[in-house]
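I would like the local picture before the overall layout.

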Amino acid sequence: MADLQIINVSKSYGTVEVLRGVNLSIASGEFVVFVGPSGCGKSTLLRMISGLEDAPLGEIRLDGKVVNKVDPAKRGVAMVFQSYALYPHMTAFQNMAFSLTMAREPKAVIKEKVDRAAAILRLEKLLDRRPGELSGGQKQRVAIGRAIVREPKVFLFDEPLSNLDAELRVQMRAELIQLHAKLGTTMIYVTHDQVEAMTLADKMVVMNGGIIQQCGTPLDLYDDPDNRFVAGFIGSPKMSFIKAKVENVRGEAITLSGLGGRATVELPFCGFAPGVREVEVGVRTEHLEIAGDDSATGTVAAKVAFVEELGDATFIHTDLPTGERVVVRSNMARHKGSTECFVRLDPAGVLLFGMDGERIRSA
Ligand SMILES: Nc1ncnc2c1ncn2[C@@H]1O[C@H](COP(=O)(O)OP(=O)(O)OP(=O)(O)O)[C@@H](O)[C@H]1O
């Protein structure tokens, strides 16, 4: 177990800056997930922590010690790759034992460590098989086993489940949660799948454009995003955004107009900055409902674009007259066939964003 500090770390490839002044503190034993769209720099940051990529600017501290120039093999970190990276001619046992064999550990110690890892990962019966004789999930477990036997201070996972089918991903996700509970080791995990991130993370780090946009618990990010990017990235279906004009600001409420072109809504809000004329309303699907008419405030006329019926929930994708797409979760079955509807916002579930994308919070 180890804590990790990333202090003002930047990285460029040629003239392209892929990490820009990243600061992050990871506590010992924490499960931290880096998430963000393709190319945002999450794998680069992970590889810099592992030492596979050099870190010329800023500091990476493991248990207080600067490791920027420490050899990857001596950092006490172990990485698990998306591609498994197993030796095809070696058995599962030999693959898992490889680093210990190279370090000339005694045979009895190697066997004990591999057997212990195999028991944790339920691989005991597969140790004689070569990678070609294992399923994707089993191969990934061998790759994780190879990391476990090294008894690292920090595990680094680079999209380890991306090559697995949907069902196996869910199963492996649960296994990783149990593994973390069993070992208690610091784990850093990269994925572009936000559901994976939300289910695994103690702390989630949302990145975009080489910058940490926000970090916190998954529910902090879901309920209280700092900006429009985080709000839109976290959650499925995604948060809907509607532009509005600021009509009236009072002590504990503001009135917005022009939602979807016409509608108005009054929101509880303290300390709204005078002078702001335009905002964007962000609202999650659970704070929207289909209304019978537009008599209540915060109700917008919309056209049904398409309906997804998933059994336990129905998502109605609607288009406002302004062209904005709004997704409503409804337990009213059988919306297929409807072409027009009214969508009502629950004022208590509305978040406000400035036109610069930053969150406007109530005082
Ligand atoms: N060795 C390299 N040389 C030049 N550019 C690179 C190199 N490695 C990565 N990049 C670029 O740096 C940026 C960040 O890449 P990185 O792999 O960290 O992104 P990512 O967030 O992990 O994306 P993905 O989810 O697609 O794996 C990308 O624009 C990528 O093209």
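In this predicted model, strand β20 spans residues 350-353 and is covered on both faces. Val350 and Leu352 lie on one side, Leu351 and Phe353 on the other, and all four are buried. In general, side chains in a regular strand alternate between the two faces of the sheet.

Which strands pair with β20? One is β14, residues 278-283, which runs antiparallel to β20 and is joined to it by 4 bridges. Within this pairing, glycine 282 stands opposite leucine 351. Another is β21, residues 359-360, also antiparallel, with 2 bridges to β20. There, leucine 352 has isoleucine 360 as its bridge partner. β20 and β21 form a hairpin with 5 residues between the strands. Glycine 357 in that hairpin takes a positive phi near 90°.

Now step back to the whole chain. It is divided into domain 1, residues 4-233, and domain 2, residues 240-360. Their centres, taken over C-alpha atoms, are 39 Å apart.

What surrounds it? The shell consists of Tyr13, Val18, Gly36, Ser38, Gly39, Cys40, Gly41, Lys42, Ser43, Thr44 and His192. Helix α1, residues 42-50, supplies the largest share, with 3 residues. By class, the shell holds 3 nonpolar, 7 polar and 1 charged residues.

Key:
Residues are numbered from 1 along each chain as its sequence is written. This is a predicted model: local features need pLDDT of at least 70, side-chain atom pairs count only at pLDDT 80 or more; totals for chains, interfaces and linings use all residues. A residue is near a molecule or strand if its C-beta atom, placed from the backbone, lies within 6 Å of it. Ala, Val, Leu, Ile, Met, Phe, Trp, Tyr, Cys and Pro count as nonpolar, Asp, Glu, Lys and Arg as charged, and the others, Gly among them, as polar. A residue is buried if 20 or more other C-beta atoms lie within 10 Å of its own, exposed if 12 or fewer, and partly exposed in between; C-beta atoms are placed from the backbone. Two strands pair if DSSP finds at least two bridges between them. Domain bounds come from an automatic or database domain assignment.
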